Amino acid sequence: MSLDSDASSQGGDHRSFRQITRDRLLFEMLRSTRKDSKSTWKVLIMDKFTVKIMSYACKMADITEEGVSLVEDLYKRRQPLPSLDAIYFIQPTKENIVMFLSDMSGRSPLYKKAYVFFSSPIQRELVAQIKKDSSVLPRIGALSEMNLEYFAIDSQGFITDHERALEELFSENAEGSHKYNACLNSMATRISTVFASMREFPRVHYRVAKTIDASTMTTLRDLVPTKLAAGVWNCLAKYKTTIPEFPQTETCELLIVDRSIDQIAPIIHEWTYDAMCHDLLCMDGNKYVHEVPSKNGSATEKKEVLLEDHDPVWLELRHAHIADASERLHDKMTNFISKNKAAQLHQASQVSADTFSPVYGNGGELSTRDLQKMVQALPQYSDQIDKLSLHVEIAGKLNNIIREQSLRDVGQLEQDLVFGDAGTKELINFLRTQLGVSRENKLRLLMIYAALNPEKFESDKGSKLMQLAGLSADDMIAVNNMRCLCGPDTKKSSGGGFTLKFDVNKKKHSYRKERTGEESAWALSRFYPVLEELIEKLSKGELPKDEYNCMNDPSPSAHGYPTSTSVRTSPAHSMRSRRTGGTWARPRGSDDGYSSDSVLRHASSDFKRLGQRIFVFVIGGATRSELRAAHKLTSKLKREIILGSSSLDDPPQFITKLKMMSAEELTLDELQI
C-alpha cells in the first residue's frame, strides 16, 4: 500500500485522524487505479457498509475529482457499462464475492475491468473462489486489502457501527450466544483497521475483569474488554507481517474500556451546544431541519442542513456552554450590524421582542433575534448571514426548551447528586414538587441516583421511587438493566421483586470529586466524564495496576516514563464539599479549557509538535461529553486523543438500548422514548 509511514505519531507530517482516513480512500484507493486504467471515468461500487465509510470521510465532489462518474450499490440492479472500468470497495463477505463474480464473469461482464478493494482482510478460501473463475481473472486490475472498516464521525472520533453491542455483549442471555462472539470478532477487526490506516502499533491497555473471590465465576460480560483486547492484539500481530511499513515497535497507546466505567455520562444532561442539540432537538444524526423564507417570499419552507465541521460557526460553538454560545451569537450578530452601514439603517424599524438570549433580555439592547431579522431584510448579505441565522434559530429553540422543561432545575439536582451535595431527601422533594418535569427527565434522575446508590434499590425502595416519579414498567427495565454493565452478581435476582445489582466492589457513596484548577465560571459545568481522568492517568503512566492490564507490557524507555513508579492514585470518586460559584454568564476574558475558542485555538496550532497518539475505545457507546474531552485533552496533553466506540449515543438512544437488552422481539424504533 502506498500510504507513507508519516501518518504515525513518530512521523513528521502529522495529519488529523479523519484527514488520513480521507486521503487513503481518495488517493490510495481511487487515484491508484489511474496508473493501469485506460478509462478516464470509472464506476464506484460499494455495499451498504462501505458506502457509509466513504460518506463519513469524503464528499461527493472529492470522489468525482478522482475520476468517478457514477456511484452504485452492489446489491441493486445496474446498467451494463462495458466500456468503463469499475472500482469495488466492499467487505470481504461470501455474499459480496458472489455478487462481484456475477458482475464480471461470463462473456458479457458489466464492466471492462475491475479494481477490487476490501475493507478488511479477506479469507483465503474467498480469494481462491475468485481465482477459480478463469473468465474473471484477466479482468481484475487490482485485488487489495484496504483495511479501513470504521466510520470517521469526527476529526478525532470513530465508531465501528455496532449499535446493538449493549444487547449482544452485556444482556443476561448474551453468554454462550453466537452474537456475542460475532460482535466481538467484528469489533476487533474494525478497531484494528484504524491502526492499519494510521500506521500505528499500540500498547493495548484494557480494563480487567472484576472478580470478587475464588468462589465467584467471572461472567462473559465482565470479560468483554479482555476478549476485545485479545482480538485486537491478534489482528495487529498479523498486520506486522502483512502490511508494508507497519511499525514493528509500539508507537501509541490504546485503552479499551466498557460502559461500566461511567454509567452517568450517557444519562446526565451535558450543557454544551453540540450535546444539547442532539439531546433536545430530535435530530437525525447531524441533520437538522429548519424553516427558511421561501424564494417567492410568501411563506416558509423546510431545509435540511448538516451540523458538521464545514460550518465554521458550528465548529467554533459546538463545545461551548449553551449560555456561552448564546452570548457569542449575539456578539456576532451585533458586530455584523455595526460593520455594515446599510444594516444600521434598519435599526429604527419595528422588530419583534422575541428573545432567546439568557443574558440579554427585553431591555435597552436589541435581542439576537431582533438583529437577525434586520439583517435578513438585506438580500445582499444573505450568504454571509445564512449560517449565523441558522444557529440563532437553534440556540433560540434550545433556550426555550430549557425554560419550558425546567432543565436548569433538573440539571442542578443531577450534578448535586453526582457530587454528593444532594441525596434521597432532595430527590423525593423534587419529584413531589416539580410536577411539570417530563417523564424522561425523571427517569434520568432516578438512573443517576440508582448508579450512585445501588443499595437503595435492593429492596422495594426502588419501586416506591419509581411510583412517586410516575414511571412505567418499561422505564424500570432501563434502570434494572444498568446492572448488566457492572460486574458479576453474587446472587440472582428473585422472582417478581425489583432488584438492581451494580458493581459489588463499588463503595456505597461513590461521588465524583471536583476537578481542581479547572473551575468553570459557567453554571452546571461541574460534571466531567470518568474517561477524561483515565486518559490523563494513561498519559502519565498512572493507570491503576489492579484495574488495567497491558497486552504488551511496554518498556519504560518507549515513552519516557518508568512503569515501575505507577502508583495507585486516589479513586476516581471521592466525597468533596460543594463548590460555590458558577454563573450562567461568564467573564469575557476567562478561559477554562472547555470553551470552544480555547479548544480550537490550541488544537489547531502546532499539530506537528504533538506527542504520541492516545486511542480510547468504549464498548457499549460513547457520549458527546467524552468526545469533547478528547478534543480538550489534545490541547492540554499535547497528544492527539482519538475516541472510538461501538456507537455514539445521546441519552434517549442510550436509554432505549438499555431497554432493548430485555426485549429481543422489539426493534429500536418500537422502543424509542
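This report describes the fold, the sheets, the cores and a few individual residues of a predicted model.

## Overall architecture

The chain contains 23 helices and 14 strands. Of its 673 residues, 56% count as buried. The accessible surface amounts to about 28700 Å², and carbon and sulfur atoms account for 50% of that area.

Contacts can also be sorted by how far apart the two residues stand in sequence. Among contacts in the chain between residues at least 6 apart in sequence, 78% link residues at least 24 apart.

## The seven-stranded sheet

Seven strands form an open sheet with mixed pairing, in the order β6-β7-β14-β13-β9-β8-β12. Its edges are β6 (151-154) and β12 (548-550), each of which pairs on one side only. On average, neighbouring strands of this sheet are turned by 25 degrees against each other, with direction ignored.

Within this sheet, strand β13 (residues 611-619) and strand β14 (residues 639-645) run parallel and are joined by six bridges. One of the residues involved is Gly611, whose bridge partner in β14 is Arg639. Helix α7 packs on the sheet, where it touches β7 (157-159), β8 (202-207), β9 (252-258), β13 and β14. The direction of α7 makes about 165 degrees with that of β13.

## The five-stranded sheet

A further open sheet has five strands in the order β2-β1-β3-β4-β5, and its pairing is parallel. Here the edge strands are β2 (68-73) and β5 (140-145), each pairing on one side only. The twist from one strand to the next averages 15 degrees.

Strand β1 (residues 42-46) pairs with β2 in the parallel sense over five bridges. Met46 has Asp73 as its bridge partner in β2.

## Nonpolar cores

The largest nonpolar core has 149 residues, of which Phe89, Leu169, Leu228 and Ile256 touch the most other members. Helix α7 (residues 178-198) supplies the largest share of this core, with 10 residues. Apart from it lies another core of 23 residues, including Tyr88, Phe100, Ala114 and Val127.

The surroundings of Leu169 can be given in detail. Leaving aside residues up to four places away in sequence, Leu169 touches Ala174, Tyr180, Cys183, Leu184, Met187, Arg221, Val224 and Ile619.

Asp103 is part of helix α4 (residues 94-104). Because its relative accessibility is 5%, Asp103 counts as buried. Its contacts, not counting residues up to four places away in sequence, are Leu74, Arg78, Tyr88, Pro109, Leu110 and Tyr111.

Gly106 lies in the loop between α4 and β4 (114-118). With a relative accessibility of 35%, Gly106 counts as partly exposed. Residues up to four places away in sequence aside, Gly106 touches Ser135 and Arg139. Gly106 and Asp133 are 27 residues apart in sequence, and their C-alpha atoms are 9.2 Å apart in space.

## Helix α11

Helix α11 (residues 322-339) consists of 18 residues. From its first C-alpha to its last it reaches 26 Å, close to the 26 Å expected at 1.5 Å a residue.

Conventions: Residues numbered from 1 in each chain as written. Predicted model: local features only at pLDDT ≥ 70, side-chain atom pairs only at ≥ 80, totals over all residues. Heavy atoms only, no water. Core = buried A, V, L, I, M, F, W, Y, C linked by side-chain atoms within 4.5 Å. Buried < 20%, exposed > 50% of the residue type's maximum accessible area, 1.4 Å probe, protein only. Helix = DSSP H or I, 4+ residues; strand = E, 2+ residues; numbered from the N terminus. Contact = heavy atoms within 4.5 Å. Areas by Shrake-Rupley, 256 points an atom, 1.4 Å probe, with all protein chains shown as cover. Pairing = 2+ DSSP bridges. Axes fitted to C-alpha atoms, helices over the stretch in contact; angles between N-to-C directions. Expected span 1.5 Å × (residues − 1).
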